[in-house]
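Hi,

Here is the structure I promised to hand over. Have a look at it first, and then read my notes below.

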Amino acid sequence: MLTKFVYLLLILQLSLSATEYPKSFAKMGTPLFKSTQTINKLSNIEFSKEYLKSVNKAIESGFAVDKSNNDKDKKKYLFELRELQKQYNKFLHQLHKNIEASIKDKDYDTFYELISYELDGLLNSRALLKRSIEFYKANKNKKRSEYLDKKINYKKMIKASSSVVYTKVTKATYNPSNKGVKNRSVDLFVKKSSKYIAVFARNKNPYSITINVKGEYKNLGYADVAHTFSLKPDSTKEYIKLYKRNGSYTYSFSYSWIKGSMDAKHDDSYQYRLPFARGTSKVVSQGYNGSSTHKGASSYAVDFIMDIGTKIYAARGGVVVDVKEDSNKVGYSESFAKHGNFVTIEHDDATFATYYHLKKFGAYVKVGESVNRGDLIGYSGNTGYSSGPHLHFQVYKTTDARSTESIPVKFLTDDGVIIKPKNGSLYTAK
């Protein structure tokens, strides 16, 4: 049990109100200072008292730097903030250990207390978040957590948002009586001989796919094969041979597929051009692993602020594999995710780039069309799950027949090659 960790702290009174923080290094220091409001209310976890004392000291130092504006004092204060961040990380690590222990002990009261306050980095481990959600779902009838409810809803939103563009799975069936649906872009067919039935998978699309096939057989022999595999554009591959035995036999299949090859290997040396006109500059509103929506399948996406109707150019050449441009709906909630307009291009290494939130009728290209780096492909907008006009750009690859993963890329700018676009930074297309 964690009784020694769960009695409440004696409230440490800060001499400053929540909004009265030093101006020096405010962007770096303010999140750390604000954490004290939560930690003051939390249980007596190791490092908490030490951290709170350091916060008070750092705030005093910050105000002194504001008055002196001395470079030596600024460097000293910056070091102090870095040390404060280290202490906060220690506190957070101990908090996570206590959460793990409360789950192991099935102590829901302690667990609920520890996750009742939103702290920067709380449950940032995917494995711990998964265990916490499972434990919460099994016990939430006792007491609901607004924090975990938001986490659960956020995960649903991310899944819904990414499935519209990145992870749309198509399912189908095949059996000898109906042979599946006619004119399907991905299908199965058979060729029979006196000894066996050869089953083939066919991809009629102008892009690669990854397919998973499951079969049901009666009185047929076969060797084990890979049930998930990739197909290149406009290609066919033998999936399995079913060997006939004496007597009657039956067979049928169910299969699912997704755009992209799970064999794709991104060319990490490639330098992408910024997706707007040369010589113009745009601000990044959300970069890699952004706190708003760049999680899961969109971890390495980049959002560029731009006016509706701004011309969008291909950051890399390839074949257009998907286009949506019929929507004018927008809103900042899960229900609007499916309404975003976009253009998706497959590159020569079988990775994809998606240009998202285009305006209605804002696509300048069609599916199957080849485009070169720097070609006009559409016009920016504000459609789908969006808080304001911007372009969402993302490169990704398929990992299996159900999912994708985003890829960090390099951008060529007027100031050189950018490896990690930063929030609030202005970048000029070269």
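Let's start with a definition: a crossing of two helices is left-handed if the near helix is turned anticlockwise from the far one by less than a right angle, and right-handed if clockwise. Helices (H or I, at least four residues) and strands (E, at least two) are DSSP runs, numbered from the N terminus. With that in hand, α4 passes α6 in a left-handed crossing.

Some housekeeping: this is a predicted model, where local features need pLDDT of at least 70 and side-chain atom pairs count only at pLDDT 80 or more, while totals for chains, interfaces and linings use all residues. Residues are numbered from 1 along each chain as its sequence is written, and side-chain values use heavy atoms, with hydrogens and water left out.

Back to the helices. The angle between α4 (residues 71-104) and α6 (residues 126-139) is about 40°, and their axes are 11 Å apart. Axes here are lines fitted to C-alpha atoms, for helices over the stretch in contact, and angles run from 0 to 180 degrees between N-to-C directions. The two helices are therefore oblique to each other (under 35 degrees counts as roughly parallel, over 145 as roughly antiparallel, 65 to 115 as roughly perpendicular and the rest as oblique). On the α4 side, the contact (heavy atoms within 4.5 Å) involves His96, Ile99, Glu100, Ser102 and Ile103, which meet Leu128, Arg131, Ser132 and Phe135 of α6.

Now the sheets. One is open, with four strands in the order β1-β8-β4-β6 and antiparallel pairing (two strands pair if DSSP finds at least two bridges between them). β1 and β6 (228-231) are at the edges with a single partner strand each, so one side of each has no neighbour in the sheet. From one strand to the next, the twist averages 25°. Four bridges connect β4 (residues 209-218) with β6, and isoleucine 211 has phenylalanine 229 in β6 as its bridge partner.

Another open sheet has three strands, ordered β9-β22-β23, with mixed pairing. Its strands β22 (residues 410-413) and β23 run antiparallel and are joined by three bridges. Leucine 412 is partnered there by valine 417 of β23.

Tyrosine 174 is in β1 and phenylalanine 253 in β8, 79 residues apart.

Cheers
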